[in-house]
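Biologist: Before I rely on any of the words used for this model, I would like to hear what stands behind each of them. Could you take me through the terms one by one?

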Protein chains: 2
Amino acid sequence: MDKLSVVKIGGNVIEDSAALQSFLTDFAQMQGSKILVHGGGKKATAMAEKMDIPVQMVEGRRITDAQNLDIITMLYGGKINKNIVAQLQNLGCNALGLSGADGNAIQAVKRPVKSIDYGFVGDVVGVNNALFQMLLKGGYTPVCCAITHDQKGQLLNTNADTIAATLAQSLSQSFEVSLWYCFEKQGVLENIDDDGSVIETITPQKYKNLKTAQVIHSGMIPKIDNCFDALANGVNEVKIGAPKMIAGISQHTTLTLKDE
Amino acid sequence: MDKLSVVKIGGNVIEDSAALQSFLTDFAQMQGSKILVHGGGKKATAMAEKMDIPVQMVEGRRITDAQNLDIITMLYGGKINKNIVAQLQNLGCNALGLSGADGNAIQAVKRPVKSIDYGFVGDVVGVNNALFQMLLKGGYTPVCCAITHDQKGQLLNTNADTIAATLAQSLSQSFEVSLWYCFEKQGVLENIDDDGSVIETITPQKYKNLKTAQVIHSGMIPKIDNCFDALANGVNEVKIGAPKMIAGISQHTTLTLKDE
């Protein structure tokens with residue numbers, strides 16, 4: 001099977017234009033088929049403020065009303081996505097931007113209202129594998145923003161980590177997929193205060209031990225759980241680290257089902 | 001050769017949500033391969049005002065500075081494009097939104113500064129025919145916003161009429177292309193005050209006569225000239241009329257090189 005890298009970058013890269021430029025230079029040079037997934041970070045909040053649109057938070061979670069969805073569509077789907085694509089084109093990477101609505105790339109349902117109504121937020125239910133296969137085979141690099149659709153005309157704000165994991169899982173039917181999560185640390189750290197204490201490999205057994213020893217705890221647990229879910233659903237490996245890891249010149253943590 | 005319809009809609013359709021919905025319903029039902037090209041109308045000016053961004057006009061022409069380009073990218077490439085795509089998906093049309101940067105779809109150069117510096121405005125220099133052929137063959141309907149790129153990382157605001165004409169000309173190498181310009185009139189009128197006086201067909205000879213008789217004059221001449229340029233460069237026919245013409249149930253004007 002051909003190899004495919006699905007790379008997710010978050011707000012810390014998007015918001016720093018030098019960091020973004022450096023990342024895109026590395027990304028353009030990654031060999032083989034690849035997909036970029038990006039969020040939008042805090043720019044949406046700043047723009048909502050600028051436009052006098054209230055940002056509603058419930059229990060620390062942002063609610064996506066119609067006006068905030070417009071802002072997300074303009075920023076993530078427009079400004080951020082198109083500028084990333086244009087920069088990658090300049091770097092020799094034939095990037096092509098997609099929301100989940102484009103070519104029915106990523107289908108979702110509006111999150112059902114239980115205790116909280118999150119508004120226009122999507123839970124992913126499907127991926128148009130044929131579209132991604134056609135684009136990748138044609139030499140194009142899909143650049144996906146964190147927006148999906150419900151196939152009934154409604155765009156939906158969607159978690160970028162989830163989009164990356166779902167794409168990776170879905171495309172593992174046809175590719176040997178590596179899923180790369182770029183964040184502000186060098187990887188999962190043995191000691192949170194020591195950037196040099198990156199744990200190289202985490203297997204299911206090691207994960208159990210790290211949780212018992214409380215090296216991995218609280219907010220990190222659901223994230224790592226999601227990574228192991230992706231591995232259980234066909235993804236070959238998950239890599240967590242700083243953006244420089246994609247150039248192969250920085251440490252990172254590899255999650256794998258294969259025991260050492 | 002397979003048939004291809006390239007349909008351009010302008011601000012009058014984009015700005016009226018009922019008109020847009022009606023148009024998209026008709027567009028989704030058009031048979032055969034098709035491409036939609038849309039501008040953005042006056043929404044960009046309204047949004048610039050809302051965000052306290054000055055809109056500079058020189059000799060009645062809008063200047064696209066960096067801030068206004070951002071607005072255009074957010075609106076045309078983001079909000080308008082993605083909502084059109086999502087609505088078409090709901091109508092059973094597998095739409096896929098593109099700026100000129102996506103997949104290097106439409107290449108341009110920044111307009112050279114002569115007497116006026118228009119800012120980040122693009123003059124189209126090339127089309128990635130292979131991309132459009134791949135998408136159309138795959139059953140996708142490209143939806144192009146009026147943004148191109150210079151292949152060096154710069155997005156460029158570009159006239160939607162020109163994009164439609166250039167796409168039509170370029171793809172006439174592989175398709176029998178009809179180019180449809182939707183605007184607020186039923187077609188080219190014999191008598192500007194009589195909406196029923198639509199001229200059905202204009203050939204080069206008839207065009208000459210209409211100019212001599214001053215039925216076609218002033219601002220209409222460069223537009224019609226551009227249409228005949230497209231015909232001279234391989235486009236099969238150009239149709240000018242109200243959006244309803246694409247459903248085949250309203251009058252319109254057909255421009256053709258074939259004398260009656």
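Modeller: Leaving aside neighbours within four places in sequence, Ser197(B) is in contact with Leu189(B), Glu190(B) and Asn191(B), where contact requires that the C-beta atoms of two residues, placed from the backbone, lie within 7 Å. This is a predicted model, in which local features need pLDDT of at least 70 and side-chain atom pairs count only at pLDDT 80 or more, while totals for chains, interfaces and linings use all residues. Residues are numbered from 1 along each chain as its sequence is written, and chains are lettered from A and ligands numbered from 1 in the order in which they are written.

Biologist: Why is Ser197(B) called partly exposed?

Modeller: A residue is buried if 20 or more other C-beta atoms lie within 10 Å of its own, exposed if 12 or fewer, and partly exposed in between, with the C-beta atoms placed from the backbone. Ser197(B) has 15 C-beta neighbours inside 10 Å, and therefore counts as partly exposed. It sits in the loop between β11 (175-182) and β12 (201-202) of chain B, the strands being DSSP runs of E of at least two residues and the helices runs of H or I of at least four, numbered from the N terminus. From Lys110(B), Ser197(B) is separated by 87 residues in sequence and by 40 Å in space, C-alpha to C-alpha.

Biologist: How do you know that the buried residues of α5(B) line one face of the helix?

Modeller: In α5 (residues 129-137) of chain B, the buried residues are Leu131(B), Phe132(B), Leu135(B) and Leu136(B). Seen down the helix axis, they fall within an arc of 125 degrees, so they line one face of α5(B); the arc is that of the directions from the helix axis to the C-beta atoms. These residues pack against β2 (33-38), β5 (95-98), β8 (141-145) and α6 (160-171) of chain B. Just after α5(B), Gly139(B) takes a positive phi of about 90 degrees.

Biologist: What makes the radius of gyration of chain A agree with that of a compact globule?

Modeller: The globule rule is 2.2 Å times the number of residues to the power 0.38, and the radius is taken over C-alpha atoms. For 260 residues a compact globule would have a radius near 18 Å, and chain A has 18 Å, so the two agree. Of those 260 residues, 49% count as buried.

Biologist: What makes the relation between chain A and chain B that of a two-fold axis?

Modeller: Chain A can be laid on chain B with an RMSD of 0.0 Å by a turn of 180 degrees and a shift of 0.0 Å along the axis, the copies being superposed by least squares on the C-alpha atoms of residues with pLDDT of at least 70 in both. That is the relation of a two-fold axis.

Biologist: How do you know that the copies meet through the same surface?

Modeller: Of the interface residues of chain A, 100% are also interface residues in chain B, so the copies meet through the same surface. There, 34 residues of chain A are in contact with 34 residues of chain B. On the side of chain A that touches chain B, α4(A) gives the most, with 14 residues. That side divides into 11 nonpolar, 17 polar and six charged residues, with Ala, Val, Leu, Ile, Met, Phe, Trp, Tyr, Cys and Pro counted as nonpolar, Asp, Glu, Lys and Arg as charged, and the others, Gly among them, as polar.
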